[in-house]
Amino acid sequence: MNYFKISYRMLCRDWRAGELNVLILALIIAISGLTTVAFFADRVELALARESNQLLGADLLVISNQPLPEHYADKALELELIVSSVTKFPSMISNSDSSLLTEIKAVTEGYPLRGNVYLMDGPPEKLVGPSKAQSAGKIPQPGTIWVDEKVRMQLNLNKGDSVDVGAVQLVVTEFIEREPDYSVGFINMGPRVMINAADLMATDLIHQGSRISYNLLVAGEVKKVQQFRDWAKSQLTKAQRIEGIRDARPEIKAALERAEKFLNLAALASVVLAAAAIALAVRRFTQRHLDACAVMRSFGASQKYLLNLYLYYFVILGVVASGVGCIIGFVAQEILAHWLTGIVDTALPWPSWLPAFQGLLVGLVLLVGFALPPVLNLRSVPALRVLRRDIGLSNAHSISGYLLGLVALSLLFIWKAQDFKLGLFVVGGFIAAIAVFSCLGWLLIKILSSLRHQAGGVWRYGLASIRRRAASSVLQAVALGLGLMALLVLTLIQEDLINDWHASLPPRAPNHFLVNIQPNQLESLEEFFQHHKIQSPVMHPMVRGRLIKINGKKVSPKDYADDLHAERHIRREFNLSWTNKINADNEIIQGKWWDNDTTDAVISIEEGIAKTIRVKLGDELTYDIAGNHFSAKIASIRKVDWDSFRVNFFVVVPPGLLEDYPANYITSFYLSPAEISVVHELVRAFPNILVVDVAIVINQVQQMIRQVSQAIEFVFLFTILAGFAVLYAAIASTQDERIYEAAIFRALGAKKEQLSRAWAAEFVILGGLAGLFASAGATLLGYVISKHVLHFDYTFNPWIWLIGTVVGIIGVSVAGLLGTRSAISSPPLLTLRKIG
Amino acid sequence: MLDDFVEQPILRTDSLTKRVNTGNEQLTILQDINLEVNAGEAVAIVGASGSGKSTLLGLLAGLDLPTIGKVHLDNIDIFTLDEDSRAALRGRILGFVFQSFQLLPALTAIENVMLPLELTAASDIEAVARRLLDRVGLEKRLHHYPKQLSGGEQQRVAIARAFATDPKLLLADEPTGNLDSATGIQIIELMFELNREHGTTLVLVTHDEALSRRCSRQIRLADGKLVQ
């Protein structure tokens, strides 16, 4: 039998008769909402990744302390990626009067692959902020050298001067304003120069054992870069490592990951909303097809026949409606992107086609999962219905019908979340919510309807309607509750997320670091700040020491040969500081902070480094500080918020222990772009102090956070749209019953207003239930997601209960009354005759 | 003066015409209907299927709008009123009995009967409803839902509901159409009894000859026109 043809014909008939309006509309809104979010999130993610990669100069770096084997570059080229290389090492450079230790960067053509090198335009004293800097668009010619501000100042250089770099003499042609791979690790921040890689050998500075970092820069299509990364991972030797933006920049990593997870959540919420909308819409569909099925059954159609008929029916419907939804979603996100480009600076890259595919798949899965099962129950419709129209299907049937949908939805979640934990939380949360809401709803409706004889007038009808449609009332309240819950959770988290970002980088976050302040300069520096009306920042003392023993046992880099990261820490010197006051962005997670008058030799260590060098509370660490040994026990382990750009130390001790060792000081403070001249004065007054300007980096991070916040807000709007789809479907799902009710009310002499009030009472009860469910669910889910998925402190908001309930009542009532307006005004006779 | 008023017909139509558009042609369902029904009369509108009986009944009740013509109900030109005022008028003077009962499935028998009373804000609603259901023999079925009642019982509830507001005019659309003949006869008896008790005017649409013969007058429709 040609089911396709019959199903198609049935579909066309239903379409013409307007039977499919609700289902198709729900599906289209849901899928277009979903794909808009997915397409847009995709583009934003691509844009964010590209933007942040500018800080790295590439999409990916392969770093080694030995020359990199050719096959890395070959493989990258084979994958149609672009490559460039950077060789970095510290060395003295000199001119006729002085010499200076600088970080030399030898670059090849194409550098940087992402971002720009900005060159100073004109004398630096006249610069106000970085905006006047010119993008270089090239690299130093062989025989030339570009130097940064510090080198220029300290060697007193002008364009055209010569400097000696190892065995060659190079001509200064440009002054560097800023480089993309400008590190925030201020400790490593020395004066920097840039030369052409062609001059590298001639400098004669490259020897076995020199501290050289060989970097291969790779950039290109996201997928190809990922492919390269996967391949390179398998090739890495101990001396080599891969660094993407996420490895290099913890503050960006955290922001990006949270944004991604949030966007994923928003997309997931749209899926939930879509499912709810479809589950609601299919109710009306089932009601309307009861007769058709009864007639077909009485004419001898087998259950198998009906099964096949509806299976084809829904597949065709799903493909068409989801297809339309995808197209709308694509157009909508394109409009959104155009609109956004005015606000954000970066042009959004073209989205991938994955979201369209996802939309199509989600539409089909949702339709088959949520619409087919209840419709399949139609198979068992008693043929007797032909004779007695009020024989319907048992409710147990339709509830169990949604099980398949739930399973399908769960799988979709885990797949879409691409994060098993997140997916599981959301699935678990929603399933638990459905179960609890259903039981509660059932109970509440029972209790309420037993009260209805006491209730007067409109409330009696509201309650009566809800009770009669108990199963569908519960379904409506649960679906609306879920939809509202998704929206509330997103609202809560979105606010917390954005606040959290802004809090970690307030507008006046310190953007300049001063390093290498000598003890005898503290006083004059204080005067300098006072003179310039800048609040004197806290000076953090700092002593450098190499870790040599743990619990009396000698340690060497070799002990950490299996962990490159740890090995580097052991080889380098630690910065030890002392204070009695724990930094505001630090949190003791083990042990306790010392008393102010302690004389014990104790230390507080940062959580991450403790893990890396494998030490725990109570361990004794011994440092070699300028030839002397200093030992102390770990008294506490701290968690440090590295996103905050404040001065922080891995190791801190109480005052009184390290004062005799040679120390210098470090501090950070905020300077507005207008005060930039202060820096130049400072450098002149204190030539030995290193000024590290992280304003650019902070600006970039702040800018990124602004963009992500905006993106999140926009995406959120679309989730709200999906919420409307649920509302619409919920109202439309009882439309037939309402038209009938309206006709009888009208025939019996009810005014429109009386009818509206009766329905309003019903909507208020439904909306109230949904709102209550949503508030409870959102409070719990919000807590779980904040705490365990996005990792930030959840702010309990008691208002959510009021807001949820009020929004539920108002939303459902307004939508309900708007949606039933036509039912109220349709002529009663038509309806009564059609049904009678 | 008072006598004059009593003499007035409770229902009168002037050139009542209903046409509907079906695609590209216009179909005349009712054409130029002029009739009068006096208070206390029992009038049967008879005719073959599709002759326009039910449409006429709907127009008489103001449930639908005519293409041309007027309906005067209790001396009020109902189509000069808006839909809400017509509904209020119905609530005050009309009662309905439908072929397929048209009970609200969400409400119990007694709630269905109480509904029109509650709409007019009458007092002692529950007692009135209880008494009427008692009268139609459903005193034991007060709290049953329509689904739990047989067709005959449902029509009894509908009749009780129709008489609840003590209407001046009762309109019935094939009240026995969905019932077996024995039940149909009982329903007819019940309706006429209540009609007498309440002094109601009755207009009913039927193609049941036995039923129409019980009425004081028959109005015959054929092809949308009044035949006699």
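**A tour by selection**

Begin in chain B of this predicted model and select Asp166(B), which sits in the loop that runs between helix H6 (151–164) and strand S8 (169–173) of chain B. Display its backbone: although Asp166(B) is not a glycine, its phi is positive, at about 55 degrees. Is Asp166(B) buried or partly exposed? A residue must have 20 or more other C-beta atoms within 10 Å to be buried, and 12 or fewer to be exposed. Asp166(B) has 14 C-beta neighbours inside 10 Å and therefore counts as partly exposed.

Next, select Asp223(B) in chain B. Because 14 other C-beta atoms lie within 10 Å, Asp223(B) is partly exposed.

Now move to chain A and select Tyr111(A) together with Pro112(A). Which form does the peptide bond between them take? The bond from Tyr111(A) to Pro112(A) is cis, and its omega is near -10 degrees. Pro112(A) belongs to the loop between strand S3 (99–107) and strand S4 (118–119) of chain A.

Chain A contains 24 helices and 22 strands. Of its 836 residues, 45% are buried. When contacts in chain A between residues at least 6 apart in sequence are considered, 85% link residues at least 24 apart.

Conventions. Residues are numbered from 1 along each chain as its sequence is written. Chains are lettered from A and ligands numbered from 1 in the order in which they are written. This is a predicted model: local features need pLDDT of at least 70, side-chain atom pairs count only at pLDDT 80 or more; totals for chains, interfaces and linings use all residues. Helices (H or I, at least four residues) and strands (E, at least two) are DSSP runs, numbered from the N terminus. Two residues are in contact if their C-beta atoms, placed from the backbone, lie within 7 Å.
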